[in-house]
Structures are given as structure tokens and as C-alpha cells.
Amino acid sequence: RMLLHLGGCRGKMGILLIRRVGLFCRAAHLSPQSLEYRPIKKVMVANRGEIAIRVFRACTELGIRTVAVYSEQDTGQMHRQKADEAYLIGRGLSPVAAYLHIPDIIKVAKENNVDAIHPGYGFLSERADFAQACVDAGVRFIGPSPEVVCKMGDKVEARALAIKAGVPVVPGTDAPISSLQEAHEFAKTYGFPIIFKAAYGGGGRGMRVVRDYEELEENYQRAYSEALAAFGNGALFVEKFIEKPRHIEVQILGDKYGNVIHLYERDCSIQRRHQKVVEIAPAAQLDLHLRDRLTSDSVNLAKQVGYENAGTVEFLVDKHGKHYFIEVNSRLQVEHTVTEEITDVDLVHAQLRVCEGRSLPELGLEQDKIQINGCAIQCRVTTEDPSRGFQPDTGRIEVFRSGEGMGIRLDSASAFQGAVISPHYDSLLVKVIASGKDLPTAATKMHRALTEFRVRGVKTNIPFLQNVLSNSQFLYATVDTQFIDENQDLFILKPTQNRAQKLLHYLGHTMVNGPMTPIPVKAKSSPVAPVVPSVFLGEPPMGFREVLLREGPEGFARAIRQHQGLLLMDTTFRDAHQSLLATRVRTHDLKKIAPFVSHNFNNLFSLENWGGATFDVAMRFLWECPWKRLQELRALIPNVPFQMLLRGANAVGYTNYPDNAVFKFCEVAKENGMDIFRVFDSLNYIPNMLLGMEAAGAAGGVVEAAISYTGDVSDPMRQKYSLEYYLKLANELVKAGTHILAIKDMAGLLKPEASRLLIGALRDRFPDIPIHVHTHDTAGAGVAAMLACAQAGADIVDVAVDSMAGMTSQPSMGAIVACTRGTKLDTGVSLDRVFDYSEYWEVARGLYAPFDCTATMKSGNSDVYENEIPGGQYTNLHFQAHSMGLGNKFKEVKKAYAEANKLLGDLIKVTPSSKIVGDLAQFMVQNSLSRAEVEERADELSFPLSVVEFLQGHIGIPHGGFPEPFRSKVLKSMPRIEGRPGASLPPMDFEALESDLRMAHGDEITPEDVMSAAMYPKVFQEFKEFTSNFGPVDCLNTRLFLDGPKIAEEFQVELERGKTLHIKALALGDLNKSGQREVFFELNGQLRSVLVKDTAAMKEMHFHPKALKDVRGQVGAPMPGKVVEVKVKPGQKVEKGQPLCVLSAMKMETVVNSPISGIISKVHVNADSSLEGDDLILEITE
């Protein structure tokens, strides 16, 4: 059968004529008639994976029956299923040793009437003793004779033969070295760099470059160990290392009659760790004279040793075009595919036919008929992570979709959904071969095919390969073996989104383990989704934001002051759900109602929708980016001003930040659509407020300075926070340039009479400044108080839509609108639209049943006038009391809160000062302490950290100073902060922070991410880790987000416009021995499954501990694998970079170095320990 498409004759007829005469003379002594043609009926492949399947396919095409062998670890591998018969070998042996066990292989062959054995590549393919064992057993070895395998497989003897044949070689040892001393002597003679190579195998195993004496011993040991593990023989030889060569190899083919041909060359220069990554045929821009020398030397060397069957002669070509022989691989190469594509010769067919006794001329394989047709590229898609130094990844393939189409060939074995990638074998997943008329065309097809691949569950090198294929040097110049090392931009990897599979992981986790956000009470989300009221098409009507954009903050403030009627700020998007629903309302539900608000409430003063607790809760509990919320709401509501809560010098955090961090935060917030900054301080500490005001103003925002209200200005017996106190504060804030003056009544303490006194006095003192009042309706008097404020001269009051109002939230929007309708305070808001708006939130609120304060609190309470607990905190304390079994003692908690407040000197109580009072109150209740007992024992009690830091001055200085002698008794000799806490902090280095974030999370880091990390480093880190594992959960509806789907439930998830997932939850599997359950889904009509750890079951099972990423001294396994050697012991001192242990995975060894200097405190592994990624190896104490 012809195995190639015949083409025109090549040039240089003189050379070809000489070759053909040589072939004729050689063949004259051994004609086809003198050998018996023995057809092969059954072939065994003594190998695994894709090469086994490649041979099986060729056998099937030729009508030959196939036999597979497999190890105990390979029972589920595809090559076993592709063969006609399959037999277990190496029972009880290690995974690699099974395929190296010659007696078992021969035994299976004899028992099952196998005619011939194909060795594939790797394992026994270059072992002369295996070839001889086949011959001795009467089974044909598909490859060269044992004598030739011995000569060519021993690289030292192959060098000698090459020298004899006049082929140039690299300086090296004449025989395998037997000691480190011999390596020392060679290095002394020839100088560095040198390279160790395995004498009995290839593929980069047992190959190490050494550049100085310090590296010599370690690399000798590693090379020996790798060679021994991969080939069963650790013998090494040493060569001078040629810097930056091209790696060119020539494919040869010989028969039993002395005929040898070449099938041109392959360029294998793109390597890492001496393992080929991308191969090209023919070599790009190769000088024709050099090609002739390479192919001629290859054929001559093969003829000299009587080479039979397929093989490869490998050369290094230096920058001057000089070539050096390095080895002969007496087997089929991994990259044989590209030769097949450009010559149209099926090399495995040819191997089989030659083994049967056919001559090359009989097969139509004559040199003058072999020609190059176009170009072919092979990419080895491996389960390695380029971003982590190509560390092998293991695990279960959850999704596999390949790239196909014209010009694409795939050779694979374990690439299918459900396949388990083990650490025991090579990391090759699939070989992708692309063909085209030239290199750029083939590269384009390859890039397209790789883009179509979807591999989930294990990391692959596909993003790296795509970068190689896009590299201009690769496409239009020549590359050498240093190409990868010298092009670090290849490692700038475009992250794969993997959104669908990550979402399935999240849903599966929720189905197995319950909600991934803490749930205060055991209640299920309502199954009823809210219906969005109809919205007119087109642009929304103009609102006050147009005034702000046109006239700036000063003009905006004038317009507000000149406005006729009462203006409203809607807190539904922030403070209302913070107070009632533990800040848990998701962007998903805010976005749905946002267009309705934009079209129907354009005359609102503003929407409070950002900042404060919503910032960290979004990341911490909702797994959302707070900046994305701001951006998306801004796009949906372009006409209404947005307002945020800025905690003065604390920005949106609970601690002090460098001044430049506060300024930068306000700048980024303004750029993302924020308009009004309500600046406050929890102690009304002016220095802290002034910094926040200055930062907001510098960003171009509207500055709304807010005075936190406590006490009762209408009570002449309470004089600490008197009317004069508030007027004096207001005077300083107006002088500092605030655009709007606000009263922030966090506990709802403003009574109608106090409202008239305070707001009336402020209006008289500051007739031109808009006044804005914020309160909570805990006592139920909020509507009356806000109406009193409006009548006294307030321009704006805060409200929440009716179904989100009352209790610890703001007063009812509908009530204020109805009470002012037809008066000079008329809000201009449609009551009908309020009803529609409220109906949406009434149903939406049911989605958040696990967080709803009404689960434990059925009404507000006027005792707030005594305990002065802020609205949001009142809700949280109520939840906490019930969760701690103190629900029946909540009255005591409230009483303790009032007592704690007095202990601390009667504070303004707003976050974070309110939390300090609450922490002290809970401390008192838990320890059954009265106020008098706390005062008496202050010098011996262990107070909550927040209380201690407050007394040290961490949040500023309270009005009237710190309580004495309580402060001195608690602090004793502890340091105290004088003045503004953040004033002494050094500026934050944002460039360094961004660089660190890019190192940790990739190049997709945005300026907004930098600010999130600046405000909440640990929370942001956890948020990024969550999204890397579970993806964009913000696209799930709230019931699915909290409870997950029910079995057999079908639903849709819109990832982005035009990309919708259709998902059906199918089943939950039983618990496996690893503590996991398999969760089955149908995704877009295809079966998908994910493995989820059952956290409840895991507590009862023992597992190796994991290294904690945020603990510097904990050293984790960088990849799954087996421990080869532990180099340290407890108590030993180590330096940063010192080798700690050696891991082996996929026959490649990796040295784990110490990340820090210190003392080894504990070692958790020993030699032969099997580890998963991030398993704890040892602990170091600095």
C-alpha cells in the first residue's frame, strides 16, 4: 500500500543519484527474496496513553488485532479501552515500575499469541534488554535490532559511532560517569556550562545544566535520580553545554535490506527544562546546504549501524550554522506527527510493514519520492501551570472540549470528561497538530484550535502556547533553545474565565454544605421572585445630577437651598437594608429595580447606595466587588445623585489609614460615579472630619459634613451634648467649606421638640447652607421628627421605601410624601410610584429571610431613648443575643450597653465607636459584670481589644476627654496616641501594592482593586480567592445564591449580554473516601459534574493539613507528588532559598526551597509521603 502522495522530484540530482547507487549496492547483498515476509496478526503496545492509541489506530487500519497492557493505576485509562484485548501487568508495583517490568510484558505476549510488540516512546522503548527479551521469546520487536538499540540507546557509544562516521559531536565523556568526581574533572577540563544527560533515555528526564561548582553536586544527584526513576538506570554522561543552539532532528526510516531514507527535519528548539513544547516541520529558515549536511549525516550514520525501522538523529546547530550530533533516538518520537503531516507518510504503518519484512521500495518509500508539503506544528498540551513554573497539576477533568476543524489533528488518550490525571505519569494531555501552506498559516490554525479548547478541573499550558504562537520571533524569524527563557512576556498569561464550571462548583458546594455566607437564623429564602414594575423605554427624565454636573458642587448646593418643597434622600439601597437585613442585599436585586427608580424618582435629592458597611460586606459575605456595584448602578441611574458614607479619616474602614489613602479612595470613588460624600466621625472629632472633607473636596465631590447626634438638646438636664455644642461644631464645619450640613441621628434619638430646637438654631445661624437630616425609626417617632425638622428649615430628610422602613431603618417614604402633599413642603414624589416601589421590595425582602431582623425582633422599642443603640447595631445585637442563647436576656444586653456607654464617658455612638460600646456591653453580660465591678477591677480584667485601642486613642479623642481613672487603670503603661491617629502614618505606596497584587492575582488588577486591598487587605485577599474558585456568583439570583437549586430544578443564568447558561440540577452522589460528594448537573444540554468536599463529613475524617497562605513559615507542596528526600530536620537552622525537600511528580523532580530564614519547628512529611497541592511540608519559625 502506498503511504505517501507522490510529488515532483527534488533538485540536486547528482547527490540523489549517488545515494541511489549506494542503496542499490547495499541491497544487492540482501534482496527481498532472501527474507521471509511474515505478516503480523496481533500487536501489543508496551506503553500507555496517546502513543498506545496511535499504534492501535494504525493496526486497526491494517487489519491487525491489538493488545494493551496497563498498570493497576491505569484501569480507567482510555488506551485500555481502545485495544481489542487488555491485560494487567505489574501487580503490586509502583505505577512506573509496572511498565518497566519486562517479565510480565513478555508473559502476557506469549500467553495471548502476540506476534509483535511496539514499545512506543519512553519506558522500555530504548532498552536493548527489552528488545532482546522479545527476540528470545519469539516475539518481534517493532524497532531496530537489539544490537542497534544497544549501540544507539547508549549515548556514549552512539557518540563514538558518530565520530567514526565523521559526524561532528559536542565535547563529552566517552562513557557514563560513575562518580561526582568525574564530573568535577570534566568541568575542570572543558569549563562551564556543562550538561548531565541520562545515558539510557531521553525526553528531558535526567538532564540538568550546571553553570558553576556550587550547583554541581545537587544537579548530579537530581539528574541521577530522575534517570533512575524514568529509565530504570541512573547512568549519566557529561557534555559541554552549547549556548543558545537550535535543536534540529532528522527523521530516518530503514528496512531489513539496508535501505535508509530520511523524511527531512523537525525544529524542536522551543523547550523548557529540556523538554520539547512546540515542534515544527520543516525547520523554518534553515539553510539548504545545512539541511543537506544534516540529512546526509543522519542517513550515513544509520547505514553504518544497519539501522532498521523508525528513528531520529538529533543535532544542535549553533549560531554560526555548525551542527553537532547529540544522540539517536531508536524509537518513534512524540513529535513524529509533524513529519507525517508534511510528507504524507504514516510512520507507524511503515514501522509495522518493515517489521513484517517489507522493503522501503516495496512501500513506495524512496528518497526521491519524499518531498515537503507545507508546514506542520505540534503543540503538547500538558496539565502544567505555566504561572507556577510549569508545575504539574493533577485531578479530575471536569470539562473537556477540544478544538477541531480543517488542518487540525488531535492525538490524545486521557483527554475526556471525568478522566483523572495522576501524578505518576507524564503530564501530556493531548497533542495538537496543525497543518498549513506555511508557518504563519499553520500557527493561525493552531491558535484558533487552542482557543476552542475548554479544559476544566486541571490547569493546562494552553495560555502559554497561545502566547508562543502569537510571538513575532516564532512566526517570522528563528528560535533557539533559550527562546522561552528570553521571552518572559510569554508568561503574561491571559486568564481563562471558566465561569460556568466555577458556578457549578459554587452551586454544588451550596447544595452539599449549605449557604457560603453566614446565616443568622435558620430560615429559607422565599421561592417567589419580585416583579419589577413596568418602566418606560427611552432615557430617564433629568434630575439633580444634571445640575451637579453642569454647575459643580457649589452650584448644586445653591440649587438645593433654593428648591421649593422638601427633598428626600432614599436609603433603601444602603442604610435601610443595613439596618433591617444585615447589609446583605445583593447588587442583583438592586439592579433590577434601578431603572424604575431612575425613571420615577428623578426628583430625589440623592440615593444613598454605597460606602459604610456595604463596602466590606459586599466582598466579605456577598462575594461581590463593591466598585462593580457602583459602576453598574451608575449606568442604570444616570440622573439621580449618589451619596456615600465616608468615615472621615477612616474612609470606609474601621481603622486609621495614611492620609494619601483617604484622598486616593475619594478620587477613585468620584471617577466611578459617586457624587456626594457624607463625611462623619464616630466621635465628632474635628481633625478626622476635616481630613475626610478635604479628600472629598479634592476629588471634586459634594462635601456633606455630618454631625453625629446623641443625647437630647430639649432636655436641660443633659448638658454634655447641648445645643451650643452642636452649633459650635457646625460653625467649624461651615468654616472648613462644607457644601451641605447634615445631622446624623444614628440611634433615632431626635424627638420632634429637639428637632425644632436644633434645626431651627442651625437654620438661623446658617441661612444659606442646605441642611440634611438622617435618623432611624427605632422608637417609632421618626416620621414626626422628620416633619418637625422640615418645618424648622431642613432642606432634605432621609427616608426608606415603605416595605423597607420603620423599626431600626429610616422613616417611611410614603408617610412623608403623604403628610407633605399639598403643603409648602410637598416632595413632588408620586405616591402611586411609591406603592409600586414598595411592592417590589416587599417581595424582595422575602429573599433575605435568613437575615431579616423580624425573625427575632417584632417591633421597634422606645427604650432606645435610654440605651441610645444605633439602628443597625440594635439589629445586629438582637441577632447576636439570640445566636448566643441570650435572646431572653436581650433586655440585659441593652441595659449593659447603656452602662458600658457611661463607663466610656458617654460617647457619640456611630461605627466604630458604637461597636466599642457594644463589645464592652457583651463582655459585661458574658462575665456577669456590673458597671461598678468593671470600674473596680479595671486594672485586672482582659478587655476586648477594641476597648483598649479606643482608650489608647486609636479612633481619636472623645468630646470631654477620656474617662479617668478608668483609662489609666486599663492601659497602665501601654502607649497612648496624641492627636489625630492617622497623622503619623507614612504614605501608602500604591505602586508597590499594585505590583504585589499583580504578582498574587495576575494582571487583571484594576485601580479599584488596589483601593479595596488598601482598605481591607485580608478581606480582599479572601474575596479574590473565592472568585478564583467560584467565579461570578453575582449573576445568580438570590435564592440560588443562598440555598442552591433543588434536585430536578431548571434555571437560567445570564453571564453577560448574549451569554446565558441553561442549568438543571440532577443529583447528589454518595460520600467517597476523600470526603467528597459528586454533584451532577446538566449544563446547556451536556452532563457536568463537580466534586464537593462535605465539610460536615470532613470533620470526622483525617486528612493531611494544608499550608496556610498567610502564614509565612508554613511551607506547602507546590504541586501534587511524592517526597523523594527530606533535607532538613526539626531544630535545624535554614537560610532563605535553602533546599528543604525534593518532590517528584510525573517523573520530574522539583526542589522545594525555604521562603524565609529561620528554625525548622516541625516536619510533616517523610520520604515516600504522597502529597496533594498545598499540603503542609514543614513549618519554619523566624
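**A bent helix and its aromatic neighbours**

The model is predicted. Where does H19 bend? The bend, of about 130 degrees, is at glycine 552, and proline 553 follows within four residues.

Glycine 552 and proline 553 are both among the buried residues of H19, which also include Phe544, Arg545, Val547, Leu548 and Phe556. The buried residues of this helix pack against helix H23 (626–636) and against several strands, among them S23 (567–570), S26 (676–679) and S30 (796–799).

Next come the aromatic rings. A pair of aromatic rings is described by the distance of the centres and the angle of the planes. The model has 38 aromatic pairs. In one of them, tryptophan 610 and phenylalanine 615 sit edge-to-face, 5.5 Å centre to centre and with 85 degrees between the planes. Both tryptophan 610 and phenylalanine 615 are buried. The two also belong to a cluster linked by ring pairs, together with Trp627, Tyr654, Phe665 and Tyr1016.

Phenylalanine 943 and phenylalanine 966 form another pair; their centres are 5.7 Å apart and their planes are at 85 degrees, so this pair is edge-to-face. Phenylalanine 943 lies in the loop between helix H35 (931–936) and helix H36 (945–952), while phenylalanine 966 is in helix H37 (residues 966–971), so the pair links parts of the chain 23 residues apart. Both of these phenylalanines are buried.

Rings also meet charged side chains. Arginine 48 lies over the face of tyrosine 425, 3.8 Å from the ring centre. Lysine 751 lies over the face of tyrosine 865, at 5.0 Å from the ring centre.

Key:
Residues numbered from 1 in each chain as written. Predicted model: local features only at pLDDT ≥ 70, side-chain atom pairs only at ≥ 80, totals over all residues. Heavy atoms only, no water. Phe/Tyr/Trp six-rings, centres within 6.5 Å; stacked < 30°, edge-to-face > 60°. Buried < 20%, exposed > 50% of the residue type's maximum accessible area, 1.4 Å probe, protein only. Helix = DSSP H or I, 4+ residues; strand = E, 2+ residues; numbered from the N terminus. Lys NZ or Arg CZ within 6 Å of the ring centre and 35° of its normal. Bend = angle between axes of the 7 residues up to and from the residue. Contact = heavy atoms within 4.5 Å.
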